[in-house]
Amino acid sequence: MSELQNALSKSQQEQYDCVIEVESSIVENANFHRIINKFSSEAANKTLNFLLTNMENRLFTHKIHKVEYSLYRIQLCAPLTSSLLNGEMESFFHEGFILRIYLDNNIVGLGEVAPIEIHAEDLLDVEEQLRFLVHKLVGSNISFIPLLRGSFSEWIWRSLAIPASSIFPSVKCGLEMAILNTLAMNEASSFFDVISGYGSSSVEPLLDADGNDGPKQIEICALIDHSGSPKEIADVVYQLVDEGFNTIKLKVARRKNPLEDVEVIRAIRQVVGYKINIRVDANRKWTYEEALQFGSCVKHFHLQFIEEPVNREMDILKFCDESSLPVALDETIDNLKGDLFHGLKKFAHPGIVAIVIKPSVLGGFENAATVAKWAQLHKKIAIVSSAFESSVSLSVYIQFAYYLERQNAAVCKIEGRELNAAIAHGLGTYRWLKEDVTSSGIDICMSSDRYRLVASVEKAENFLKLVQINKANIQKSYSEEQTSAYQTEVDGEFFSCSFKFLKVGQNLNNRTVVFLHGFLGTSEEWIPIIRSISASVHCISIDLPGHGESKLQSLVDKSSKQRLDLSVESVANILLKLISGITSGKVILVGYSMGARIALNMAVKYKEKVIGAVIISGSPGLRNETTKRIRVAQDEAKANFLVEHGLECFLDLWYSGILWRSLRGHPNFSHIKSSRSRHKDIQGLANVLSSLSVGKQLSLWDDLKHLQTPLLFIVGEKDTKFREIAQQMCSEIERGSIADQHRQRKLFDTIVVPDCGHAVHLENPLCVINAVSKFVERWGQK
């Protein structure tokens with residue numbers, strides 16, 4: 001392909017006519033088409049089987065009735081291998097969340113979300129997303145066909161109206177686990193049946209490699225992370241082999257010298273011989289030279305593979321060539337973004353023999369299955385590994401590992417090649433669980449031939465059907481949170497306003513965040529966001545003057561229906577009075593578009609009350625007088641159109657603009673537009689549109705040079721105009737910082753949110769939630 005591209009490029013650049021001859025092999029082409037035909041037939045048969053089975057059982061539409069999560073804390077036998085804790089501590093704990101999804105027929109499915117150090121997200125990040133999902137999921141229909149390969153991400157986008165990529169990997173995995181388990185429970189089948197496309201009435205036989213009915217089980221790899229002497233570690237390995245483990249994975253690169261790890265491997269081989277598979281995992285902690293030194297000394301110890309031997313991705317293939325040792329990838333795969341097949345392409349090297357797959361790090365079973373399929377098509381081992389989750393996840397991973405093994409058997413059969421030996425999966429972390437979130441742990445036992453330790457798929461399926469959560473290890477539970485609505489009247493200089501505002505969360509640590517919507521919005525559009533962060537802060541969302549249930553009234557002539565003399569500055573002033581009246585402490589403002597302009601004005605002018613502001617798609621006004629006059633005329637014309645033609649026609653005109661191109665393609669656009677049509681005070685809206693025009697607003701560009709209040713600018717990736725404005729604002733603040741020698745800390749930052757345009761908080765709310773939470777955590781104690 002690259003040769004063809006080069007030939008075409010050369011032809012275009014040099015502008016001459018040519019004939020490009022492509023060499024081809026009829027035999028290879030025929031073989032390729034034969035394989036494609038077999039894969040297509042296999043996929044079509046499985047899909048048809050699924051459709052016929054589940055049309056009869058009416059699997060396609062189930063409504064989610066209730067969602068809740070519980071925080072658990074369980075004791076471990078040893079510290080996590082990824083932990084920075086030292087061995088002097090007497091007890092070790094692991095925390096996570098159990099997610100429950102209820103259907104309207106009281107069927108419930110469980111999922112687990114338990115991030116550890118290897119995840120980019122922490123428990124607080126995770127809980128904020130779970131709180132968002134608790135409310136967002138209720139009422140949703142589970143109507144996708146669970147054949148993986150993009151269906152789940154598409155369901156998230158269409159049903160929840162959020163990009164799947166914005167959900168943290170551990171949360172997405174737990175959500176997918178819970179939904180698939182719910183479907184399985186509803187059909188009286190299993191997780192394996194659901195992801196395989198087999199319904200409860202399916203009778204398709206599952207065959208082992210020899211074509212005979214075989215036991216549904218997988219082998220387990222033991223994990224060792226031991227700092228003892230070579231002899232002590234060899235004795236531990238001997239005990240594990242005696243228990244039935246045929247494969248051992250040893251953590252290396254923890255010692256001062258790679259040669260010390262070599263002596264450990266030597267001692268293990270002397271004790272258990274060469275019938276046991278040994279894997280080593282360096283977790284990217286060696287330099288290329290250290291990894292090569294280790295590799296040159298262990299060539300005769302027959303390692304199954306060395307996992308992540310070097311600390312730089314660019315050295316992996318070089319290490320494969322130089323050392324000739326088999327290599328496995330783990331963290332390298334975890335870091336892939338976007339098109340997984342495209343990202344994996346560079347690792348097709350034959351020296352890479354295995355891919356370690358952690359569903360909770362990759363972002364769920366859909367992504368994990370994609371990576372596994374790539375590995376199998378490239379004749380590499382796909383190994384399922386846990387991240388020290390409880391038996392809830394382990395029982396699912398056992399079924400998922402078995403699914404991948406059957407998938408691999410199908411691939412080998414279609415391609416006409418011999419099936420590899422049994423794969424030992426990285427689920428030996430069950431030995432770390434001194435306690436479990438369930439009343440009893442998952443059962444790992446000897447195989448019927450008493451030769452190896454295995455996990456039974458049938459026992460894993462039954463475990464989930466009968467599972468009981470151990471309430472003693474549950475710290476707290478959350479199902480939903482109600483917002484409280486209030487109405488109060490505040491007098492400004494020339495007008496008064498009867499404000500409606502919402503409150504949610506406890507006023508902990510005297511931290512309050514106030515949310516200001518944009519033109520045509522209301523306080524209610526912030527509800528998903530304020531519910532998500534209200535576990536740690538007190539949130540207030542306000543209907544701005546002329547919007548929702550906030551009513552404007554002139555103090556000069558209460559009977560007048562003329563437009564009130566409003567301005568961004570006068571609205572900022574009356575909001576200050578409102579906020580001061582309902583909260584005694586200082587606040588952080590979060591404003592979007594028109595609300596962002598008001599919030600920026602208040603952050604600059606009212607430093608005694610406002611200790612920080614998040615500016616979403618906002619600006620400090622216009623500097624050019626001609627541009628101002630043009631904008632005033634445009635907004636006046638739109639205000640007149642609103643009054644003359646009504647809100648419905650105005651909304652069609654308003655959302656036809658280029659600024660809303662991204663929003664128009666959003667699954668929730670119809671709902672958003674419909675909610676805007678509920679405003680009753682058309683005159684008030686027109687008044688706000690005209691009076692608060694950015695053309696009439698006093699410019700704050702010069703004020704930015706003297707900034708003393710922390711600001712966070714949030715803009716959408718597709719919103720070119722406001723990305724440029726945010727960049728210009730940062731430049732102004734930076735210039736002021738250089739001139740002001742007393743300013744010690746950087747008081748501004750910018751976040752560009754992917755997959756959205758101007759209405760960032762509506763198009764990609766999870767990213768906004770995380771950004772606001774981090775900002776409050778940093779500046780909320782001021």
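Colleague: How many of the residues of helix H24 (residues 682-691) are buried?

Modeller: First, a word on the source: this is a predicted model, in which local features need pLDDT of at least 70 and side-chain atom pairs count only at pLDDT 80 or more, while totals for chains, interfaces and linings use all residues. Residues are numbered from 1 along each chain as its sequence is written, and side-chain values use heavy atoms, with hydrogens and water left out. Buried means under 20% relative accessible area, exposed means over 50%, and partly exposed lies in between (1.4 Å probe, protein chains only). Helices (H or I, at least four residues) and strands (E, at least two) are DSSP runs, numbered from the N terminus. In helix H24, eight of the 10 residues are buried, and the helix is mostly covered. The buried residues are Gly684, Leu685, Ala686, Asn687, Val688, Leu689, Ser690 and Ser691.

Colleague: Against which elements do the buried residues of H24 pack?

Modeller: Contact means heavy atoms within 4.5 Å. The buried residues of H24 pack against strand S21 (551-554), helix H19 (594-605), H20 and H21.

Colleague: How is the packing of two helices described?

Modeller: Two packed helices are described by the angle between their axes and the distance between the axes. The axes are lines fitted to C-alpha atoms, for helices over the stretch in contact, and the angles run from 0 to 180 degrees between N-to-C directions. Angles under 35 degrees count as roughly parallel, over 145 as roughly antiparallel, 65 to 115 as roughly perpendicular and the rest as oblique. Helix H7 (residues 230-243) packs on helix H8 (residues 258-272) at about 40°, with the axes 8 Å apart. H7 and H8 are therefore oblique to each other.

Colleague: Which residues of H7 and H8 meet?

Modeller: From H7 come Pro230, Ile233, Ala234, Val237, Tyr238 and Val241, and from H8 come Glu263, Val264, Ala267, Ile268, Val271 and Val272. By class, the residues of this contact of H7 with H8 are 11 nonpolar, no polar and one charged. Here Ala, Val, Leu, Ile, Met, Phe, Trp, Tyr, Cys and Pro count as nonpolar, Asp, Glu, Lys and Arg as charged, and the others, Gly among them, as polar.

Colleague: At what angle do helix H5 (residues 169-186) and helix H14 (residues 365-377) pack?

Modeller: The angle between H5 and H14 is about 100°, and their axes are 9 Å apart. That makes H5 roughly perpendicular to H14. Lys172, Cys173, Glu176 and Met177 of H5 make the contact with Phe365, Glu366 and Asn367 of H14. The contact of H5 with H14 has three nonpolar, one polar and three charged residues.

Colleague: How many aromatic pairs does the structure hold?

Modeller: Rings of Phe, Tyr and Trp (its six-membered ring) pair if their centres lie within 6.5 Å; planes under 30 degrees apart count as stacked, over 60 as edge-to-face and the rest as tilted. The structure holds 18 aromatic pairs. In one of them, the rings of Phe400 and Tyr403 have centres 6.2 Å apart and planes at 20°, so the pair is stacked. Both residues lie in helix H15 (residues 391-415), three residues apart, about one turn of the helix. Phe400 is buried, at 0% relative accessible area, and Tyr403 is buried at 3%.

Colleague: Is the pair of Phe519 and Phe650 stacked or edge-to-face?

Modeller: Phe519 and Phe650 are edge-to-face, 6.3 Å centre to centre with 90° between the planes. Phe519 lies in the loop between strand S19 (512-516) and helix H17 (527-533) and Phe650 in helix H21 (residues 647-654), so the pair ties together parts that are 131 residues apart in sequence. Phe519 is buried at 11% relative accessibility, and Phe650 is buried at 0%. Phe519, Phe650, Trp654, Tyr655, Trp660 and Phe669 form one aromatic cluster.

Colleague: What is phi of Glu308 near?

Modeller: Most residues other than glycine have a negative phi. Phi of Glu308 is near 45°, a positive value in a residue other than glycine. Glu308 is found in the loop between strand S9 (305-307) and helix H10 (316-323), and is buried at 0% relative accessible area. Ser617, which is not a glycine, has a positive phi of about 55°. Ser617 lies in the loop between strand S23 (610-616) and helix H20 (625-645).
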